[in-house]
Structures are given as structure tokens and as C-alpha cells.
Amino acid sequence: MEWETVIGLEIHVQLATKSKIFSGASTAFGAAANTQACAIDLAMPGTLPVANEEAFRFAVMFGLAMNSEIGKRSVFERKNYFYPDLPKGYQTTQLEEPIVGPGVTNIELADGSQRAVRLHHAHLEEDAGKSLHEDYQGMSGIDLNRAGTPLIEIVSEPDMRSAEEAVAYLKKIHSIITYLGISDGEMSQGSMRCDANVSVRLKGEEKLGNRCEIKNINSFKFVEKAIKVEAERQIEIIEDGGKIAQETRLYDADKNETRSMRSKEVANDYRYFPCPDLLPVILDDDYIETIRRTLPELPDAKLNRFVSEYDLSSYDAAVLTTDRVTADFFETAAKVSNEPKLAANWVMVDLAGYLNKSDTKLGECPFTAEQLAGLIVRIKDGTISGKIAKQVFEGMCNGEGDADSIIEARGLKQVSDTGALEKLVNDVIANNPAQVQNYVSADDSKRPKMLGFFVGQIMKASKGQANPQAVNEILLKKLNEQ
Amino acid sequence: MHTKTIAQLADALRSKEITSVELTQHFLDRIAALDSHYNSFITVTPDIALAQARAADERLAAGDTSPLCGIPIAHKDIFCTQDVRTSCGSKMLDTFIAPYNATIVENYLKAGAVMLGKTNMDEFAMGSSNETSYYGPVKNPWNTNCVPGGSSGGSAAAVAALLAPGATASDTGGSIRQPAALCGLTGIKPTYGRVSRWGMIAFASSLDQAGTLTRSAEDAALMLNVMASFDDKDSTCVDQPLEDYTATLNDSLTGLTIGIPEEYFSEGLHPDTAKAVQAAIKTYESLGAKTRSISLPHTHLAVPAYYVIAPAECSANLSRFDGVRYGHRCDAPKDLTDLYKRSRSEGFGDEVKRRILVGTYALSAGYYDAYYNKAQQVRRLIKQDFVDAFKDVDVILGPTSPSPAFEFGSKTQDPVAMYLEDIYTIATNLAGLPGLSIPCGLVDNKPVGLQLIGNYFAEGKLLNVAHQFQLATDFHQQLAPATA
Amino acid sequence: MAVNKNDIEKLAELSRIDISDEAAANVAQSISEVLGLVDQLQAVDTTGVRPMAHPLDAVQRLRRDEVTECDQREQLQAMAPATEDGLYLVPRVIE
């Protein structure tokens, strides 16, 4: 029996507005508890919400990027439930008439094929506060700074068939929102959070199985792991003759397992109804078209352009366009050096490796794209070899300055001077008479391999700085003279 | 001095016949001496009142022209007042001190009016008799065995007992007009959105509207001139040009068409109330107005629709009272559910609980369409009745309340009978129209109210029509016994 | 529509209100009476009528994205029943 996993994602994205969706309190991350919770956010009696126009502009940008119909009339509703991080006792959200209607986006799969993932809808809503579970006189502490931060909830159709596809889709959404600049997309700070609806069925079966919702998964890696482990759990139950109970589950990263969230299982009846404190938001075509005209270049368009303009493979272009900062870094390096392929390599291999190893974000990289281009130019013009370039790059990562100053300071300039090289060659020939004798007596087919020994010795003697091409020429000439 | 209207007091202040401090002290003394009979105030604020009066006297001396400058008024305890308790008539908010002023409180402060204190009310404005207040019932100055009406019963009793020349109030289904009728006052509920709701504790957000209780239409015009404003803190407040409501008070009624809805004179209306209203119609005809019979066919559905919509909205509006950030919190909660349940059960009275439960029911899965959605559809039919009627008439006239003030306890065991008190006033809240009640006679020495309903934003017309009646009659000048 | 004690229990749970067993029957009866009143709505034909959530059919105004509120924690927490380190305290929240 072959099983198939069916996945739909609900992604919550915090919008990068300055103030909250219904109040003038700041949304800045990391402030002292409750210092950014104003009377409205605290649901003080008599306070009233007024909607933030920037939240709507951001939501429309997202809808346009997803090729969605924009809700020209959208309505806020109240979702009623009691929880200490929800001061009003209801969440203001959208249900029947959301700001963004159905849409679609494509994801690139590892085998080079594409899959279309349909968007069911996306709606605006307010975030809740946070419960802190450290011990405060035996109680929990409530911080409402986050309460009222604008969110868009992005709800996909169940169109993904593996954990890898789910991650590819999540990364695609991440790249769209960061390209648009409507969110910082920081999963570690909760700016982007993901719930996954997971079910399994036999391949070829059309009917969907009972699904479980895994709540609040907070990294790409955990999304993949959580879906995998949940699918395995469901398959095991069914294969043992059991049934899947539709429920909400929590992913425990330490144990790599999902477990039932019984506290959320108390039969909830959210009693949605239109919020009487807020009126329908009406957007006209002019407004929407103005936003459409000012949209930045999106990942798909950039990918295609990188392929045609810089002659990159579509895989490389996809890697480089995953996020806007990387794409911009590459493009600057490519333009300044006029060597797009070298630039692509350096960004994808060396730079990515360094960032990964040192756990640094590209934004905090100690050198600029222009400085990387400077390094590439020095390889191209023969000042340094590719091997030496790695040393220079290390220096740049250590913050030692640009390529030229590191080459200068460390004396790494390639030796191409014929006189100096001849001396090196002569020394090596003089010091290795036996090898020279072997070379001279060998037939032509064996000679190139034997040449490598001499080159190696010369490079070693020059500490890698000898120009390998020039060395080759001189060496051949000298050996032939023997 | 306390028998004078606001308009007369404004003249007295300007002619230096009296200072605001003297006037304020006079009313404070009356409250101290007499309010134990009526229980119309929850909180009296003598220090604040006198400080504001002193500031008003300085402004008057400097030539301030604002008519309310130096006039003492009372605020219904539903309006948030910075540094002064705002209880909303509930144990839940017995210790609540808002860190902000309601916009209307701010408007009166800017106009130089003086706050005497905060008036009693039905808990969270839910009631038609002022018997649901945590601070005890308010007594009707006309007959202290009877209710003053509700929910703005404290404001009405305070003005009728001449403890304040005017008071603010709020009206969700008749809470200004019904107490005005039962206490012999002029009460106006403006068009929904004419007055800011910021800082007015919400009962049912799509129905709540602030207004005033005074002893004349002229005073109501003066009070409303200050109360009405555009406020960008309230999304439902309408950006409509402000009018001077005193400017049109003296317009002639010749050519005015008054519609008399036949449904407002059906069974359930006290015959003597009907008589008084019929007599008022004759008065209007003598003033040059034409009257014609009209039909508002969905009138009988107003109370049913209201008792779905208002509880549904209140069930959500009152969820914020959870014992976490402010308000009543039970002792030693053993877990979260216990905290919620005991804090809310101890903090809310029976009527509030009943409405929360009804509203929860109307919104719950399986009932939403049959109740909430249906009620909102019927609401549109009710509004359409008025829209159609106003194609042919300028104002609509009828009784405010089916009968005069009733005795304490006579309806407390029968919520439906209590709800029917508002049978003539509720439709205007559902439609968002302005409505006004003025006294038009006495039955058993208790006042009868005449209701006038205007088209959207026609407050000026309503006050004009009321003022002309008051120029021709003296019902509004009759004072409750033992007040003078 | 009449409600019984079980319905009341469910409504009380949803709205976090405690209704004692003794009171439940009374509450059920008074709520049934109110529902009896509103049941008149069921007789009305409302086919094709748009529900009306707001009396004026008005449109939302949008606010400019500006931070207008400063830190007022001290003042806003002055009347909070239980706080520590700027946090509101509640009985343990169990996930």
C-alpha cells in the first residue's frame, strides 16, 4: 500500500505597520511588558477601534502578488472566546467577506517540476497577546504588547503532497511577503507562524482522510519534521485498524512528536458576527490599480529575469531569488564585477557557507556586495588565484576590509614576474635530479602526469602565489631543455 | 434658582446675577439635602464641580460666549470620566476609574460646563425602570413609589427633582425617551453617529447613542450643540456638518406634515395616554401643521428584533469584563475558568446575565440564521418603513411609552412585560433615526410623554417642532411635587 | 423555542457565567419567555432582504499608520486586580 500525505497550511504573517491594526500603539518588537498596550488594546470600557489604512494596503499588495481577487468590500467580524491573552473576549477578524479572495502560486520542486498551490483566501485580523508561564506567585503573566498587531492569515487549499512541498510553499510565501516588504518574516520572533492541516490517504483515493491541525510551528525545519512525524503517526494508526480523530495537536520539537491539545478541544462555538464597532471597508479600482502599479518585482519575475539576463540555470536563479536581500546582493555583485556566473557561485557557495557556519544574517554580513565584486575582479584580472581568493574571502569575513587591502596586507599578490618564476623553476629542477631524469626518459603519454609533481613543488615554494599558467609554460620550456 | 432652565441660567450668569460657583454650590447643596429621597446620583463630585465652576467664572469674566459656560450638569455613569469612578451601574465596575474622558465629557469640559457628579442607571443600561442598578433603584420625583424609567433613570430623576438643570444620557432602545416621558422631561436621542460613542461604555454598539435630558427643547438644543461632534476615534461617528440647533427653534410649523402611525395607537396603549397624545395632535393642527395617518407595518417586530440584536451585541461587548485587567475579580480563583465564571457571576446582575445568555444563544451554531440573521433582515424592513414614510411626512408623532410610570416591582418578575415598555421607542434605534420625547399631559398626577421621530440628521427640525409645542403649552413647566 | 437546563448549562459555559443548579430552572424559564417573544420573527418572509448590521449603511474610515499612544502602563495598571513586573496575573494557563 502506498500512502499519500495531504497538507494545507494556515500561515499567520505579522504586517510591518508602525502602529496596531485598531489603535495607535506601537508594534515594535521587544519592548518591556505591556508598555505598548494602550487603552484600546487592553479593551478598556468605552474604547473603540479604528482600522489602520496601511494594514489594508499591505493586504492588497499580498493579494495582488498571489493573483487573487481583492475584496472591494471586506467586513470585520468578532470571533468570540475567552482567553487571557485576548482582552476583549473576542478576536476581530474577517470571515464571510475577507480582503483577499482565491488565488494561486507556483512552487519549484526538487526534481525541477512545478506545483500550483491554490490560495483559499487571506484575511486581516488582530494578533493576541502572550501568556508567560514562568512562575509569578504561582500564576501566569500576561503581556499584551502583541495584542492588536495586524496579521494576515493566509489559508491554502489542501494542495501539498509532502512535507517538502509544504516547506517549499511556506518559503514561497515567505519570499513574497519579504519582497513586498509587508513583513520582516522573522519566524524566530513570531512574525510568521504556521499551522498545518495534515491528513493521509491511499494513493489514488479521492476522498480526504480525517485531518489533524498542528498548531504554531515556528521554523521551516520544524514544519517539515512535524508534518513527517504526524503523517507517520496517522499511517500507523490506520494500518493498525484505527481511525484518525479530527483534533488540534501541538508539535514537540524536543521529542519530535505531535500531541493532542486537549485544552483547546472544549467544544468551541465562536459565534462569529459582524463587528458593530467597525464598518465595511470599501476599496475602489483606482486604489487597487495604484497599488498594482507600485508593486516591486516579485520572486517569479526576478527568477525569470536572472535566467535570461545573467544566463543562470533556473535552479541557481531560484536559490538566489528566495529572498530579496540575497537577490539584491547577488545582482549588485554581478553588475559591479560584470561576472554574473562567478558572482552566483560566490554567493551560493562561499557566502552561504560562511553565513550558515557563523549563524549570521546577510544583512549583518561584514562586507558589501561591492566588496565581493572587488574580490571577483581580482580573480578575473589574475591578481590572485582562485585558491588565494578563498584566503582573501576569509579575511573579508573576519572584517579585515576589502579584497585589495587584504591582498596588500597579507602580501598575497600572485607572482607572474618571469624572472622570479624562472628562479623558482630552476631551484626545483636542481633539487630534484632523479625526478628530472625520470621525466626526460619517459614517453610523451606519461609526461603530463609527471609534470604535476614539479608544479606542486613550485607552488609550495611560492606559498601558492605563483601564477600557475606562467609556471606551466616556464617549466615545460626548462624541462625540454634538459 | 433651581427652577430656572439652562437658557435662563445662562442669562443669569452673563448678567452677573449669580456666579457659577454660587450656582454650583446651590445644586450641590440640593443634592446633599434631597437626593436621599431619589437616589439619582451614584457619585457626587463637589471638589471637581467647584474647581470647574471657578474656572468657568474666570472664563465668563473674560467674556466667554459659550452658553453652557458655568452651567452645572450631571453625567450618566455610562460616560467615562477621568479620575472619577465610572461604574455603569454595575458591581463589576464599582472600582473602575477610567484614565480618559468620553468625547462628550470632553466636549462639555471645553464648553465650560460644570460636572456635578455621575447619575444612577440600570446596570450596563439594561432596563426600563432603573431597578437593575447595583446602587439601588432610583425613585420618580413625581411619585416615589414609582420607577423613573430607564436606563437613564438617574439622569431623569436628577433633572426632574431640580438637582441639576440638565443631564447627559444614553439611549439604546428608549433609555432617554422613556425616562423623559415618565419624569416629565424633554429627552432627545440624536441620529446614530451624530454623537461620538468614544468613552461611552457599550451595551449594543449599533444601537447606542448619547443624548440629553432637560426641562425644555430650547435647553436640549443648547446641550446638543455641545454634545454633537465629529470624532475620528469612533468609526461609526458620521462626518456631518454641525448645526446650531437653537437657530431653527422658532421656525413656523405652517406647512409641516406630521405622520401619525396607526400601529402606535393599538392595544396596550393606556387610554389616558392616548387621550393626551390626541390632544397634542390637535395642538399641532392649531399651530398650522397638517397631520396624516401613516402605516409602519413592521412595528410589531421591533421588540422581537431588538431582543435578538441587542443581546447578541452585548454578549460580546461584555466579554471584556473578565477580572484580569480591571473591574471585579473573585477571591482566590482556583483556575482560569473559575476566575472567569466567579468574577462575572459576582460582578453582573441577573438582567445583564439574562441578556448575555440570550445573545449567546442567538449567535450560537445552529441558531445564527434563525435568530441573529433573521433579526438583521427584519431590521432592514423596519428601517424601510420609516424611509417610505418620510417621503410623505416631515416628522412622525406618537406616544413615547404605553403608560405612565409604574410601581416598583410590578414588572421585575416578567422580563417580557418590561421589554414591551419600549415598544414605541425601539424602532428608531434599529433604524438609527433621531427621536425625542416631550411632556404632553398628566395621568394620575404622573407625566405622559409625546414622541417625535425625525428623518436622519433632522435633530434641528425635531427640536423646532418640540419648541413650538412648548411655546403653546405649559406641560413642560409643570414641576414634580415637593421640588420647588 | 424553549430552552432547558442543559441548554442553559451550555450557554453559561460559553459565556463564562456560573448558574447554580437551583437557579437554572428559573433562568431557563425566563429565557424561554424571551425567546418566545423573539420567535415572532420566524413568521416573517425575509427572502432577498439583506441583513442590516449598521443603521446607516456607512463605510469605514481608515486611520493613518502613526504611533499616537505612548507608554501609560503605570496609569493603566493602577486599577488592575493583580500584576507583577508589569504583567497581568491570572491562574496558571495550561497548554
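Me: What makes α9(A) and α11(A) count as being in contact?
Reply: Residues touch here if their C-beta atoms, placed from the backbone, lie within 7 Å. By that test Q371(A), G374(A), L375(A) and R378(A) of α9(A) meet A403(A), D404(A) and I407(A) of α11(A). The residues of this contact split into three nonpolar, two polar and two charged. (Nonpolar covers Ala, Val, Leu, Ile, Met, Phe, Trp, Tyr, Cys and Pro; charged is Asp, Glu, Lys and Arg; the others, Gly among them, are polar.) Keep in mind that this is a predicted model, where local features need pLDDT of at least 70, side-chain atom pairs count only at pLDDT 80 or more, and totals for chains, interfaces and linings use all residues. Residues are numbered from 1 along each chain as its sequence is written, and chains are lettered from A and ligands numbered from 1 in the order in which they are written.

Me: Why are α9(A) and α11(A) called oblique?
Reply: Their axes, lines fitted to C-alpha atoms over the stretch in contact, come within 8 Å and cross at roughly 55°. Angles run from 0 to 180 degrees between N-to-C directions; under 35 is roughly parallel, over 145 roughly antiparallel, 65 to 115 roughly perpendicular, and the rest oblique. That is why α9(A) and α11(A) end up as oblique.

Me: How do you know that β3 of chain A pairs with β4(A)?
Reply: Pairing takes at least two bridges found by DSSP. Strand β3, residues 76-80 of chain A, has five to β4(A), running antiparallel. One of the bridge partners to look up is Q91(A) in β4(A), which goes with K79(A). (Strands are DSSP runs of E with at least two residues, helices are H or I runs of at least four, both numbered from the N terminus.)

Me: What makes β4 and β14 of chain A edge strands?
Reply: The open sheet has three strands in the order β4-β3-β14 (chain A), with antiparallel pairing. β4 (90-94) and β14 (273-274) each have a single partner strand, so one side of each has no neighbour in the sheet.

How values were computed. Two residues are in contact if their C-beta atoms, placed from the backbone, lie within 7 Å.
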